[in-house]
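Hi there,

Here is the structure I promised to pass on to you. Please have a look at it first; my notes follow below.

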Amino acid sequence: MTSTVVIDKAAPTRTVKYGSMSRDRAWALRWSYFFLGLFAIFSLVPPLYMLITSLKSSAEISAATNPWWVFHPTLSNYVALLSSNQFLRFFWNSALVSIFVVTITMLISVPAAFALARMRFWGSATLATGVFLTYLIPDSLLFIPLFKMFALFGDWTGIPLINRWYVLLIIYPTLTVPFCTWIMIGYFASIPKELDEAAIIDGASWFQTLTRIFIPVAMPGLIAATIFAFTVSWAQFLYPLVFTTSTDQLVLPVGIITTLIKGDVFNWGQIMTGALLGAAPPLIIYAFLMDYYIAGLTAGATKG
Amino acid sequence: MADVALRKVIKRYDDVEAVRGIDLDIADHEFVVLVGPSGCGKSTTLRMIAGLEDITDGDIIIGGDVVNDVPPKDRDIAMVFQNYALYPHMTVAENMSFGLRLKHYPKSEIKTRVTEAARMLDITDLIDRKPKQLSGGQRQRVAMGRAIVRNPKVFLFDEPLSNLDAKLRVQMRIEIKKVHQKVRTTTVYVTHDQVEAMTLADRVVVMNHGRIEQIGTPNDLYHNPATRFVAGFIGSPAMNFVPCRLEDVAGRLHIRLTDRIAFQLPPSRATRYQGVARNEKLLLGLRPEHVTEAKAYPEPGIEAFDAVLDVTEPMGMETLIYFTLEGAQICGRVNPNAGARDGGPLRLAVDLNNMHLLNEVTGAVL
């Protein structure tokens, strides 16, 4: 009897509350769409402007017409760049550097993360924090001492590092390894401890536990880390600008700037085209691996 | 298959002693259950047998070999975890065969063993599914299957049924017992549930505060508990404890509960407790089934008294009654037709032939 009365009393209050909830929700949705729209415009205008400009001839770019419209569309910029051996060389260098850097990064950071997340050893917690702190040092502080070190190394050993594309394979991992290790530590930590204990009892070594259990289970995190490493090495500008100078050693971002700007002459059409073409590979990779990337970034949010 | 022995095993974390010197002999083929409240050291003990925890001091012996420094994979044990710990990216068959594949068993042998175990556990239809597609009970079966195919010396179970709902737990309990009857592998099973311990075990090891309180068969522990902890832990509803004193009335030994209520002890008990000091603070331990409605005819050792019930709980085949005596809540089991009702009076009888007498200070059963 008593409980029935309570329900009767509560019923009208609840109805009112549901109403106000859905009104709140509707407003929240409107605001979120407004700001999302604003943000989309903000981030999509530059690539759109790049696309428009890349379809114009130099004459049309410098003409005093509406800059947001193409009156005489032309593919000449694309033809010029894609038939230029120099541009293809930049592209090739970028691809080579990125693939190597991703490989090196993964080979170091995955085992490192596994060790730091799972193998309790003296100082492992401190080391894990240290890895993260490394990432906080701004790279623009380091290029001068690094340049000096590499130059000295060249003098002492006779192995040239300055102005060689492979110097980037030494430098980029200092940026990618800490962050990827950090991502993977987080992902590995979300794997229940019983899983590796079960594997150990089943007779797996640490290495087998890593390769046969942890890597497959942590695949989304692994892909997120891979994408990150690729993006960092593909888009890196400061280090290649400092460490490489000969045109056959340049990567794409630096190559575009140094070869398409001659003195005070800016070849805007080709610069925009080059930037657009350079943005394509990460874009394609994101599109294919987006689901994995999101799953990786939200690891541990839900129970596996 | 092998016997397992623990010799003065101690586990110390920094300044906490989780396991304080355990001696335990487990015979070949035996099913031993470690039971106790959380934090009593039972899981730590199991993990030390598995090799997942180092032991601080003492020896662990499996099949005659001291394995203190032997890594888990070389101890030839299999373990079933509370959260199943199935490899999520592998199918049921791959999960079960993982250990065998690591040891490079021939494919045909692996297939035979997996098929055999799957049939025993009734999961043949699920063999190609991923753990995600299985229910809790099915996952637990797979976890057991993974242990069975290895054909190890010892099975270790770490609260394997705690994640299941009550009904499934009862079902899987029977399942585990059946499996043990078939494979006869030495088993150490950890649980906090005394019903699980009683139903599964050949022998139960009751642990508390990192020590073994008592080891015995389920019936032994139930009828002859050694300490107050065991007496109160084993059995559901739990044993009643009432403060009491011994008294000599007209040359016969009596037990006095309140100013009004004192019972004469039956001859067997009287001889047993004759030597106990009369001024000692004691506890009368009585199981609920020994507190019943008064019978029409008297029997030796069965003493009647009147009580006013606080609460009654009809269970169908019996009614649980609760009343208060000297500040202690007493639970009894009466016939549903005995006329017990909330707040009502009832003439009750206690069976002193099955009583226990405990020292209130030391908790020892006298």
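To read the strand pairings below, take two strands as paired if DSSP finds at least two bridges between them. Helices (H or I, at least four residues) and strands (E, at least two) are DSSP runs, numbered from the N terminus.

This is a predicted model, in which local features need pLDDT of at least 70, side-chain atom pairs count only at pLDDT 80 or more, and totals for chains, interfaces and linings use all residues. Residues are numbered from 1 along each chain as its sequence is written, while chains are lettered from A and ligands numbered from 1 in the order in which they are written.

Let me start with the strands of chain B. Strand β18 (residues 319-325) of chain B has a partner in β17 (residues 311-314) of chain B, antiparallel and over four bridges. In that pair B:Pro314 faces B:Thr319 of β18(B). The two strands make a hairpin with four residues between them, and B:Gly316 in the turn has a positive phi of about 100 degrees. β18(B) also pairs with β19 (residues 328-334) of chain B, again in the antiparallel sense, this time over seven bridges. Here B:Thr319 has B:Val334 of β19(B) as its bridge partner. A hairpin is formed by β18(B) and β19(B) too, with two residues between them and a positive phi of about 55 degrees at B:Glu326 in the turn.

Elsewhere in chain B there is an open sheet of four strands, ordered β2-β1-β4-β5, with antiparallel pairing. Its edges are β2 (16-26) and β5 (65-66) of chain B, each of which pairs on one side only. Strand β1 (residues 4-13) of chain B is joined to the antiparallel β2(B) by eight bridges, and B:Val9 is found opposite B:Ile22 of β2(B).

Now to the domains, whose bounds come from an automatic or database domain assignment. Chain B splits into domain 1 (4-227) and domain 2 (240-359), with their C-alpha centres 40 Å apart. Chain A has domain 1 (2-54) and domain 2 (79-297), and the C-alpha centres of these two are separated by 38 Å. Four residues of domain 1 of chain A and six residues of domain 2 of chain A make the contact (two residues are in contact if their C-beta atoms, placed from the backbone, lie within 7 Å).

Helix α4 (residues 85-118) of chain A packs against α10 (residues 219-235) of chain A at an angle of about 140 degrees, with the axes 9 Å apart. Axes are lines fitted to C-alpha atoms, for helices over the stretch in contact, and angles run from 0 to 180 degrees between N-to-C directions. α4(A) and α10(A) are therefore oblique to each other (under 35 degrees counts as roughly parallel, over 145 as roughly antiparallel, 65 to 115 as roughly perpendicular and the rest as oblique). Among the residues in this contact are A:Val101 and A:Met106 of α4(A) and A:Phe230 and A:Trp234 of α10(A).

Finally, the contact between the chains takes 15 residues from chain A and 17 residues from chain B. On the chain A side, α8 (193-201) and α9 (206-217) of chain A are the elements that give two or more residues. The largest share, six residues, comes from α8(A).
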